[in-house]
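We will go from the whole chain to single side chains.

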Amino acid sequence: MTQIQIPRAVPPENESPEHRLKRLRMRSMRRGIKEMDIILVRYCEARLALMDAAMLDTYEVLLEENDQDLYQWVSGQIEAPESLRQMIADIKATACAP
């Protein structure tokens, strides 16, 4: 089985870890649709500070995706790309739990 490489986002040079977390949280709450604002802010509050650099890179790639696509993946309307499935599943379990 071939392993798929997830493209890695490159944070701005000399960005402190604290600033990166703040930037990603702001990007999570300033989305195109309110539903994704709510879902991603909940996810950030629960997980962002616990992520290692590779997970933050993946999350940053995820934030580049279109809100309508993200919402369909999180809501299970369509399947997420394989490179993001694990994170989408974690978002569903974390931010969409009753």
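Among contacts in the chain between residues at least 6 apart in sequence, 58% join residues at least 24 apart. Contact here means heavy atoms within 4.5 Å. This is a predicted model: local features need pLDDT of at least 70, side-chain atom pairs count only at pLDDT 80 or more, and totals for chains, interfaces and linings use all residues. Residues are numbered from 1 along each chain as its sequence is written, and side-chain values use heavy atoms, with hydrogens and water left out.

**Stop 1: the whole chain**

Switch to cartoon view. The chain has 5 helices and 0 strands. Helices (H or I, at least four residues) and strands (E, at least two) are DSSP runs, numbered from the N terminus. Of the 98 residues, 36% count as buried. Buried means under 20% relative accessible area, exposed over 50%, and partly exposed in between (1.4 Å probe, protein chains only).

**Stop 2: helix α3**

Select residues 53-63, which form α3. This helix is mostly covered, with 8 of its 11 residues buried. They are L56, D57, T58, Y59, E60, V61, L62 and L63. These buried residues pack against α1 (17-29), α2, α4 and α5.

Now go to the N-terminal end of α3. D52 caps it, with a side-chain oxygen 3.2 Å from the backbone nitrogen of A54.

Next, pick E60, also in α3. Is E60 buried or exposed? At 5% relative accessibility, E60 counts as buried. The side chains of E60 and R23 make a polar contact (2.6 Å). A polar contact is a pair of N or O atoms within 3.5 Å; within protein, one must be able to donate a hydrogen and the other to accept it, and residues adjacent in sequence count only if both atoms are side-chain atoms.

Move on to V61. V61 is buried, with a relative accessible area of 15%. Draw a C-alpha to C-alpha line from V61 to S83: they are 22 residues apart in sequence and 10.0 Å apart in space.

**Stop 3: where α3 meets α5**

At what angle do α3 and α5 pack? The angle is about 85°, with the axes 10 Å apart. Axes are lines fitted to C-alpha atoms, for helices over the stretch in contact, and angles run from 0 to 180 degrees between N-to-C directions. The two helices are therefore roughly perpendicular (65 to 115 degrees). Show M55, T58, Y59 and L62 of α3 with M87, I88 and I91 of α5, which make the contact.

**Stop 4: the core**

Hide everything but the nonpolar side chains. A nonpolar core is a set of buried Ala, Val, Leu, Ile, Met, Phe, Trp, Tyr and Cys residues joined through side-chain atoms within 4.5 Å. Of the 21 residues in the largest one, L40, Y59, L62, I88 and I91 touch the most other members. The largest share, 5 residues, comes from α2.

Centre on I91. Leaving out residues up to four places away in sequence, I91 touches I39, L40, Y43, L62, V74 and C96.

Finish at V74, in helix α4. At 6% relative accessibility, V74 is buried. Beyond four places in sequence, V74 is in contact with M36, I39, I88, I91, K92 and C96. The C-alpha atoms of V74 and C96 are separated by 8.4 Å, and the two residues are 22 apart along the chain.

Definitions and conventions: Parallel < 35°, antiparallel > 145°, perpendicular 65-115°, else oblique.
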